[in-house]
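Have the sequence and the 3D view handy as you read.

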Amino acid sequence: MQLTINGKNHEVDVDPETPLLWVLRDEVGLTGTKFGCGIAMCGACTVHVNGQPRRSCSLPVKLVDGDITTIEGIGTPDAMNAVQEAWVENQVAQCGFCQSGQIMTAAALLSMNPEPSDDDIDRAMSGNICRCGTYPRIRAAVHAAAAKMRGA
Amino acid sequence: MGKILRRTFLIGSAAVGGGVAIGYWQVTKPYPNPLKSRLKDGETALTPYVIVAKDGVTIVAPRSEMGQGVRTTLAALVAEELDVDLNAIKVINGPASKAYYNSMLMEEAAGQAATDVSAGAERMRNATKVIAKIMGSQATGGSTAIPDAFERMRSAGAAARIVLTKAAAKSLGVSASELTTENGMVIAADGTSIAYTELAGEAANIKPPSNPPLREKSKWRYLGKSLDRLDMVEKCTGTAEYAIDVRLPDMAYATVRVNCHLGAGVKSYDASKAKARADVKKVVPVKNGLAVVSTNTWNAFQAVQDLEIEWEPAPYPVNDADIVASHRAAFDDKPDSQKRKDGDVEAVLAEGDIIETEYLVPYLAHATMEPMNAVAHLRDGKLDLWVGTQSPTRCLDVAKDLTGLDEDDIDIHTMYLGGGFGRRGEIDFVAQAIEVAKAMEGTPIKLVWSREEDMCHDMYRPLTLARFRGAIRDGKPAAFDMHVAASAAAIDAFERQGMNLNMADPTITQNAWDNPYKIDNYRVTGYRAKKALPVGFWRSVGASQNAFFQECATDELANAANADPLQFRLDMLDHEPSRKVLEAVAEMSGWGGALPEGRARGIAYYLSFGVPVAEVIEIVDTGAGLKVDKAFVAADVGLALDPRNIEAQLQSGVIYGLTAAIQGAITIEDGVVKQKNFNEYDAMRMYQAPSIDVRILENGPHITGVGEPGLPPAAPALANAIFALSGKRIRELPLNNSIAFI
Ligand code: FES
Ligand code: FES
C-alpha cells in the first residue's frame, strides 16, 4: 500500500484494517504521534489527512484518502512551525505525551480559523485530553500562535 | 557506633526488613560513583552528577522527568555552582544506582508534624535520611526531588568546579586561589582561559572535596528564576523519546492480558487460536496472565483477544456495596493509628448538639497519558531495559530477580515518562517485559498495554470512608473528631517491593493528624480496612482524600457557627505561612465581594508535603450544569527555585484534583473494574477547565516540592462552593453523582 507522509512516499505491507496510528509508529517509524486510548477519545494520535485533523488510532489505513501530515511534518527542533514556537514560548508541555496531538489539533484549527475566540478554542481542543492539565497554557499558546500567524 | 546501629534499627525495623548488619562506616560512606564503570574513553566523572569529556559537559539529573520539570531544575542546581551554560551542556537521567537514593523518602513515615521545626523534629528528619540512604531507593515521588537535591546537587556542582580549578592550576602551574570560573572555563588572573572540556584528563586524578562551600542566594544566576525547560522543544516537536517510542532492529511487539480479578491467577487457557495467527511469534505466561508477541502493537492487541482464558476468581468482595461495607466494618476494629489526641473530644461530644457526618470517596485510577510499557532486550548475558519509571533501582531489583544477572550486566535506561502520578513507581509491567524477553532471548521486546489493560490493572487511590463529629460552643470550634478508614496504601506498596512494614500506615491519616488548626479537643484516628483492590500512591496520596474530609467538615462547622469560612479558618491558625496563603487567596479571589446571581465561591486550605496551600474555586450555574469558572491558588513553597514551573505544577494539581472531584470513580462489577477507557473514566477537558491564578509565597522554613500539594484543596473548595451556591452539602465523590456539571 502507498502512503504519502510528510511529503514522502512510503510503501507499507500491513493488514488494511490496521489503524493508521500503528502504521506510522510501528511500520514507518514516526513515533511523534502518540497512542493514548485507541478509541478516538483522547486526541493523542491526531494527524492531518488532507489538512483535516483525524484520530489516527481509529482510522483504518485502507480508508486513508489523502496526504498525511504528522507532528514531524509540521516543524523540526531547528525549524519549528509557528504553533510549536508559541508552545515553547508559553512553556506548555509537562509530561508532553499529549502535546503532539494538541499541536496538530491547534494547527488545523488555526489553518481554518486564523482568529479563534475562547469558545472556538474550546470547541476545537476539547477532544484532546491532557492529564497534566496544561489547558491554561494551551489556550494562551493558541492565541499566541494565532497572533504570530497573522503577523501581529 | 553501637548507638547509631541501634537507632538505625529502631526506626529501621519497619524499613529494612532484611536485617542487614549496618555499621557506622557503611552509613556514612558514600555509595560508589556508578558512572565510573560506564565511562567512555576520555570521559571523567567528577562526581556522580558531572561528567566532563573533550566534547562537552554532561549533568546527571537522576530523578524521573514525568512532566514536573525536574530535569531542568536539577540541572540548574548543578550548573549554578559548576558555572556552565545550561543550554550548552547535556543533561541525562543516568544509570540506575543506589548512589542516587532519595534521601527524603522516609520522612513522611517518621511522622513529624509539618509545622514542627523544633530541634528534636529536625533531628528525627535527619535520621530518616540515614534510613533512606540504606534503602538506596532512586525514586521520584512524594514531592521530594527538590528538597532532596537542593544541597546535594549544588554540592556536586561546587565539588566538580573545585576539581576543575585544581586541574587547571596544575596545568598552568599557578595556585588554584588565583583562578576563577565562568561559563565552562577556568580563567587565570592574566586572562588565560582553559575550557572544562580540556581538563577531563587532569581532573580524573583529583579527589572532589566532600563539603564544598556553596554560593549565596544573592549570587544565583539560574536559581530563583523562571527557566526555559530543557525538554520543551523536544516535547513540542514529537522528538522527545518515551519508552513507548524506542525502536530497535528486529524488535518484536508484545502485549498482555492479565486477570481483571486483580491479584488472582490463570486457571487454564487455550492459546491455539492466537497461535494459529500468522503474525504471532509466541505466547508467554506472565504473572496472572499471558503475553502475546507479534509483528506490531496492533496485531498484538488483536491476537491477545484470541486467547481463551479461564480466570481464578477475585480475592475480594465483587461489588462496590460490599467493599464499602467492609470498609465501614473497619471502624469497629481497633484503630490503626491515632496520631492526634488533643484534649477530650468525647467529653465535649457527650454534651450533645454536635455535627455528625460521613464522607465517601471512590477508588481512582492514575490514567497516565502514556499507557504502561517497557522495552527489554536480553542477550549474551546482558539485559537492557528502556522504561518510563519513577523507580529505576526497583527496576534493577526486579531485573536481577528475574534474570539472575549481576547488577553490572543490567542497564536501565530511564526514558521520559508520559505521566507518572505514582503509577510508574510500580514494576508489574516491567516484570512482564523481562519475562517475555527471557522467553525470546536475543529479540528486543516492546511490551505495550492497551488503555483498557491500563485502566483495569492499576494500584488505585484507596476508596476511603470518613466519619466526622464536631461541636461549636459559643460560636467557636470546640471539638473536631475525624475517623478515617481505608486500606493501607503504603504498606501495600512496600509489600509489593518485598518489604514488610510492621507499623501503622502513614497514608490513612496523612496530613490530617498534623493539620495546624488549633482546637482544644482534636482527634484523628485511622482504621485499616480489609484489602480489596490493590492500592498505592496516587498523586498526593492520603492528602487527596483527607483534605476533602477535613475541609468539608471545617466548612460545616463554620456554617454551624454562622462564621465566614475564611475567617473561621484564620481564627484557628497561628501558623504564619498558613495564614498568609489564606490571606493571599482571599485577596486574589475577591473573597467576600458580591457575585452575580448563579455564582459562588468556596475555599479550602491544606498543608501537605510541607506546603500550605489555600484555594478558592468560583463556580457558575450555566443552566446546563455547573462550570468551574475560576480557581485561585496560593502556596508557600519555602523557597521558589523556578516560579513559572511551580505555577505549572500547581495548576496541574488543581486540574488533576478537579477531574477526580467532579467525575473520577473506579467501580467494581463482578470483581472487575468497570471503567475501561477514557469514555468511562474521563479527564477534565478544555471547555471545563477554569482559569487558574497562582501566587507563590516563600515564608516557610524548608524548601519544598510542589508536584502534589496543589491537588488536595481542589475537591473541598469545589464542594464548598456548591454548598455556597445551592445549600447542597455533597459528602460523596465524585460530585457529578449528585449534581450536574457541563
Ligand atoms: S489514541 Fe487516538 S484518540 Fe486516543
Ligand atoms: S502534558 Fe502530560 S498529558 Fe499533556
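What follows is a short tour of some salt bridges.

## Before we start

This is a predicted model, where local features need pLDDT of at least 70, side-chain atom pairs count only at pLDDT 80 or more, and totals for chains, interfaces and linings use all residues. Residues are numbered from 1 along each chain as its sequence is written, chains are lettered from A and ligands numbered from 1 in the order in which they are written, and side-chain values use heavy atoms, leaving out hydrogens and water.

## The overall count

Side chains of opposite charge can pair when their charged atoms come close. Here a salt bridge means a side-chain nitrogen of Lys or Arg within 4 Å of a carboxyl oxygen of Asp or Glu. Over all chains, the structure has 63 of them.

Take Glu370(B) and Arg424(B), whose side chains form a salt bridge at 3.5 Å, N to O. Glu370(B) sits in the loop between strands E14 (355-361) and E15 (373-379) of chain B, and Arg424(B) in the loop between strand E17 (410-414) and helix H14 (428-439) of chain B, so the pair ties together parts 54 residues apart in sequence. (Helices, H or I with at least four residues, and strands, E with at least two, are DSSP runs numbered from the N terminus.)

Both Glu370(B) and Arg424(B) are buried. Buried means under 20% relative accessible area, exposed over 50%, and partly exposed in between, with a 1.4 Å probe and protein chains only.

## A pair within one helix

Arg579(B) and Glu583(B) also make a salt bridge, with their closest N and O atoms 3.8 Å apart. Both lie in helix H19 (residues 576-589) of chain B, four residues apart, or about one turn of the helix. Arg579(B) is partly exposed at 22% relative accessibility, and Glu583(B) is partly exposed at 37%.
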